[in-house]
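Here's a quick briefing for anyone meeting this structure for the first time. Have a look at the model, then read on.

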Amino acid sequence: MPEALVAAIGAARRGDRVAAPIVGGAARAGAGEPVRNPATGAVVGQVIEADRAAVADAVAAARAAHGNWSLAGGAFRAERLERAADLLEEHDALFLGLAIDEAGKTLVDAIAEVREAVDFLRYYAGQARADFTYPVALPGPTGERNELMLEGKGVFVCISPWNFPLAIFLGQVAAALAAGNSVLAKPAEQTPLIAHAAVELLLEAGIPGDVLHYLPGRGETVGAALTGNPDIIGVAFTGSTEVARAINRGLALRDGPIATLIAETGGANAMIVDSTALPEQVARDAVASAFQSAGQRCSALRLLCVQEDVADTMIAMVAGAMAELNVGEPALLSTDVGPIIDDEAQAKIAAYVAEARAAGRVIAQAQRTDLPAGGHFVPPVVIRLDHVTDLKREIFGPVLHVATWKGGELDALIDAINASGYGLTLGVHTRIDGVAAHIAARAQVGNVYVNRNQIGAIVGSQPFGGRGLSGTGPKAGGPHYLHRFAEEKTISTDIT
Ligand code: NAD
């Protein structure tokens, strides 16, 4: 890595930043609360929670601003989002430093995160230019001109998780803006600083201050106040299934127009491995999928399902590959597995692992190596299950479950995986093409990965998103995403 970038990241890691609400382009004052580095517990900045007045002012301003922003056209909005992408590339060191300090991202993950955020900005800008600039002419009766317009819906609330504190935050906000909405952006409690820097960057790029507002705070206060407001028209939410359900209930009960909910939620992702799979490849892919980002990815592999006759070899190889992972200081290029986001999450995962250990189900656990003091770490672990249906919920950490299945029972296995109700990702390792195609067709998931690492979403070429308990669709980074943020209008004109 270039030394200049290393130095710039170091300089960006200052610890004195304040994430204050930004309403109408101006910062709001208030009492700050510390934001902590999950790898060390050190204070890396302060956050000021948006109060009721900030929420009310932001909603009113966003509502008033929406019409002009939508009428300004896709090309006008695209230009600003593209400028934001340029600025993000120019200031990447700041964002890399914040992703490491605030979210505990490893350097490798942080670089991917910034790249993805840039890609989202450019991709949605391109779509705004193409789809939202001119009306589309439709075929119709002679003597009539029929056109279809796309317009912003109104005021959108964007609520994001901490595990992709820049890419998902900016992806949702950029999509809502590109489609012509004004936006109330609420980041996760744990990662307000990087989101604050992203909003400052969008404002600098020319997004009007009355169109985009930054409202940090807790989900049950600020998040609930935003999603319960009768003047909002839609919510783009990424986070847990439980919170998506709570938001859905709240939207149904409130006054005002029928709102759109775009939810991208959790997963209980399985990988099916048959006896023709290559053991080295399975071990490499399973370990990367389960433990990269300390398993704190919605797409992460949770359940490895291995055909019985090759199970001993495969599981031993997976455990061996896991043992080689470097767990520790995320800023080092050599680190594979960084910290768990906070002490509460760490305690929950540690209790789950302790219970499995007491039941004799822990097959292997990586060693704690040279860990920074004061941080929240859980060494990667492999846990045996009797049956695939024993995994009932998402365990959001570096925990891989393994279960076996008998040859001849493939369809029953796929149906059992489907029965979890989650539908995010599925991995398949087989050397028989027909088997891979059969599994992909029968699986009730949004993304299938064949003979490769099971995580990954590439803007524009691997659109990502789940179904069932894992989300409402459409797929982020795909050709249809922006349309869910928009209204269609048909204009029919007599031209005789
Ligand atoms: P979370 O559900 O706890 O929080 C997500 C956001 O919702 C936060 O900003 C939080 O403040 C807010 N929130 C909480 N309660 C709220 C309420 N009552 N009203 C409104 N907002 C509220 O999730 P998290 O711990 O931040 O993130 C991890 C989860 O996100 C995992 O389940 C993971 O699978 C999921 N995730 C899914 C995807 C995907 O694309 N499907 C991507 C990343 C993360």
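Predicted model: local features only at pLDDT ≥ 70, side-chain atom pairs only at ≥ 80, totals over all residues.

Let's start with Ala125, which is found in helix 5; helices here are DSSP runs of H or I with at least four residues, strands are runs of E with at least two, and both are numbered from the N terminus. At 0% relative accessibility, Ala125 counts as buried, where buried means under 20% relative accessible area, exposed means over 50%, and partly exposed is in between (1.4 Å probe, protein chains only).

Residues are numbered from 1 along each chain as its sequence is written, and side-chain values use heavy atoms, with hydrogens and water left out.

**Aromatic pairs**

- The structure holds seven aromatic pairs; rings of Phe, Tyr and Trp (its six-membered ring) pair if their centres lie within 6.5 Å, with planes under 30 degrees apart counting as stacked, over 60 as edge-to-face and the rest as tilted.
- Phe120 and Tyr124 are stacked, because their ring centres are 5.6 Å apart and their planes are at 15°.
- Helix 5 (residues 107–131) holds both Phe120 and Tyr124, four residues apart, or about one turn of the helix, and both are buried.
- Trp162 and Phe396 make an edge-to-face pair, with 5.7 Å from centre to centre and 75° between the planes.
- That pair links distant parts of the chain, 234 residues apart: Trp162 is in the loop between strand 8 (155–159) and helix 6 (167–178), while Phe396 is in the loop between strand 16 (381–384) and strand 17 (399–405).
- Buried or partly exposed: which is Trp162? With a relative accessible area of 14%, Trp162 is buried, whereas Phe396, at 23%, is partly exposed.
- One aromatic cluster is formed by Phe120, Tyr123, Tyr124, Phe156, Tyr481 and Phe485.

**Charges over rings**

- Arg80 has its charged end over the ring of Phe76, 3.6 Å from the centre; a charge sits over a ring if NZ of Lys or CZ of Arg is within 6 Å of the ring centre and within 35 degrees of the ring normal.
- Lys105 lies over the face of Phe164, and here the distance to the ring centre is 4.1 Å.

**The ligand and its surroundings**

- Which residues come nearest to the ligand? Of the 26 residues around it, they are Ser160, Glu189, Ser240, Thr265 and Glu394; a residue is near a molecule if one of its heavy atoms lies within 4 Å of it.
- The shell around the ligand has 13 nonpolar, nine polar and four charged residues; Ala, Val, Leu, Ile, Met, Phe, Trp, Tyr, Cys and Pro count as nonpolar, Asp, Glu, Lys and Arg as charged, and the others, Gly among them, as polar.
- Helix 8 gives the largest share of that shell, three residues.
- The side chain of Lys186 has an N or O atom 2.8 Å from an oxygen atom of the ligand; a polar contact is a pair of N or O atoms within 3.5 Å.
- For the side chain of Glu189, the distance from an N or O atom to a ligand oxygen is 2.7 Å, and for the side chain of Ser240 it is 2.6 Å.
- Taken alone, the ligand exposes 850 Å², and the protein buries 88% of that; accessible areas come from the Shrake-Rupley method with a 1.4 Å probe.
- Two or more residues of the shell come from each of helix 8 (219–227), strand 11 (234–238) and helix 9 (241–253).

**Backbone points to look up**

- Most residues other than glycine have a negative phi, and most peptide bonds are trans.
- Gly473 and Pro474 are joined by a cis peptide bond, with omega about 0°, and Pro474 is in the loop between strand 21 (467–468) and strand 22 (486–494).
- Ser293 has a positive phi, near 60°, and it is in the loop between helix 10 (279–291) and strand 14 (303–307).
- Asn451 also has a positive phi, about 55°, although it is not a glycine.

**A buried asparagine**

- Asn269 lies in the loop between strand 12 (260–264) and strand 13 (270–273), and counts as buried at 1% relative accessibility.
- The side chain of Asn269 reaches the backbone oxygen of Cys298 at 2.7 Å.

Note on methods: Polar contact = N/O pair within 3.5 Å; in protein donor to acceptor, adjacent residues only side chain to side chain.
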